[in-house]
Amino acid sequence: MSDADAELVVENRPGITWCPNNALHRAVHPQDLCRFPWLIDRGVCVSLGIDTTMYHPFGTAGMVSLLLSASVGHRLDDAEPFYMQTANAARNIGYADELGTLAVGKRADIVVRAAEDITHTALDQAGALLALSSSQIPVNLVMIDGRVVMQGGRLTAADQTEVLHSALRQRRRILERAGAPAE
């Protein structure tokens, strides 16, 4: 993104999605090209995305955005990745009235992580714990439209073991149809 392009983005304020994992993987963010922290400082609504889960699992974009922004000398605030993945993402896809924040009248889609799990508790719970380790902290509770669908790390509306076995059977059928070797 050139200086002129960056100025146009600030002037017109479109929603932008940053895929920092792919940028890191492809080494396409030399200091003079990583404009995302600069755009955020100027009020542009930047959300985080993952453009492939083959290399980059869900939950890692926050950590990578902090690392990349620091590498270009303009480190994001620890909380910024959280907002880029929630409120900003909802705004950028046109659903800010329904999603992205906890508020009366919005959908109650919530994932609660077990932040005090003995294998993942940081010495200091403040700061970037969620951004730096969100893909590693076990899920404790999931609500969709205010309905609990997972509690204590187990599905509440379906037999979790049967869902897994069914998915594995489907995967085997698809591989067989594709002529892939047996596992």
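Partly exposed denotes a relative accessible area between the limits for buried, under 20%, and exposed, over 50%, with a 1.4 Å probe and protein chains only. F82 is likewise partly exposed, at 40% relative accessibility.

The model is predicted: local features need pLDDT of at least 70 and side-chain atom pairs count only at pLDDT 80 or more, whereas totals for chains, interfaces and linings use all residues. Residues are numbered from 1 along each chain as its sequence is written, and side-chain values use heavy atoms, with hydrogens and water left out.

**Aromatic pairs**

A pair of aromatic rings is described by the distance of the centres and the angle of the planes. The structure holds two such pairs. Rings of Phe, Tyr and Trp (its six-membered ring) pair if their centres lie within 6.5 Å; planes under 30 degrees apart count as stacked, over 60 as edge-to-face and the rest as tilted.

| Pair | Distance of centres | Angle of planes | Class |
|---|---|---|---|
| W18 and F36 | 4.7 Å | 5 degrees | stacked |
| F82 and Y83 | 5.4 Å | 80 degrees | edge-to-face |

W18 belongs to strand β1 (residues 16–18) and F36 to helix α3 (residues 36–41), so their pair ties together parts that are 18 residues apart in sequence. Both W18 and F36 are buried.

**The chain as a whole**

The protein chain has eight helices and six strands. Helices (H or I, at least four residues) and strands (E, at least two) are DSSP runs, numbered from the N terminus. In that direction, the elements follow the order α-β-α-α-β-α-α-α-β-α-β-β-β-α. The chain has 183 residues, of which 27% are buried. Its accessible surface comes to about 11,600 Å², and carbon and sulfur atoms hold 55% of this area; the Shrake-Rupley method with a 1.4 Å probe gives these areas, and for residues only the protein chains shown count as cover. Among contacts (heavy atoms within 4.5 Å) with a separation of 6 or more, 58% join residues 24 or more positions apart.

**The nonpolar core**

In soluble globular proteins, nonpolar side chains tend to be buried together. A nonpolar core is a set of buried Ala, Val, Leu, Ile, Met, Phe, Trp, Tyr and Cys residues joined through side-chain atoms within 4.5 Å. The largest one here has 20 residues, and W18, L39, V44 and V46 touch the most other members. At least two residues of this core come from each of α1 (3–12), β1, α3, β2 (46–48) and α4 (61–71). The most are given by α4, with four residues. Leaving aside residues up to four places away in sequence, V44 touches V9, V10, R13, P14, I16 and L39.

A6, V9 and V10 are buried in α1. Seen down the helix axis, the buried residues of α1 fall within an arc of 95 degrees, so they line one face of the helix; the arc is that of the directions from the axis to the C-beta atoms. These buried residues pack against β1 and α3. The exposed residues A4, E11 and N12 are carried on the face of α1 turned away from its buried side.

R13 lies in the loop between α1 and β1. Phi of R13 is positive, near 55 degrees, in a residue other than glycine. With a relative accessible area of 39%, R13 is partly exposed. Another residue other than glycine with a positive phi near 55 degrees is D145, which lies in the loop between β4 (139–144) and β5 (147–151).

**Helix α4**

The buried residues of α4 are A61, G62, V64, S65, L66, L68 and S69. S69 has 0% relative accessibility. The side chain of S69 reaches the backbone oxygen of S65 at 2.9 Å. Apart from residues up to four places away in sequence, S69 touches P37, H74, R75 and L76. Just after α4, G73 takes a positive phi of about 80 degrees.

**N88 in helix α6**

N88 is placed in helix α6 (residues 87–92) and is buried, with a relative accessible area of 16%. Beyond its neighbours within four places in sequence, N88 is in contact with C45, V46, S47, E80 and Y83.

Methods:
A polar contact is a pair of N or O atoms within 3.5 Å; within protein, one must be able to donate a hydrogen and the other to accept it, and residues adjacent in sequence count only if both atoms are side-chain atoms.
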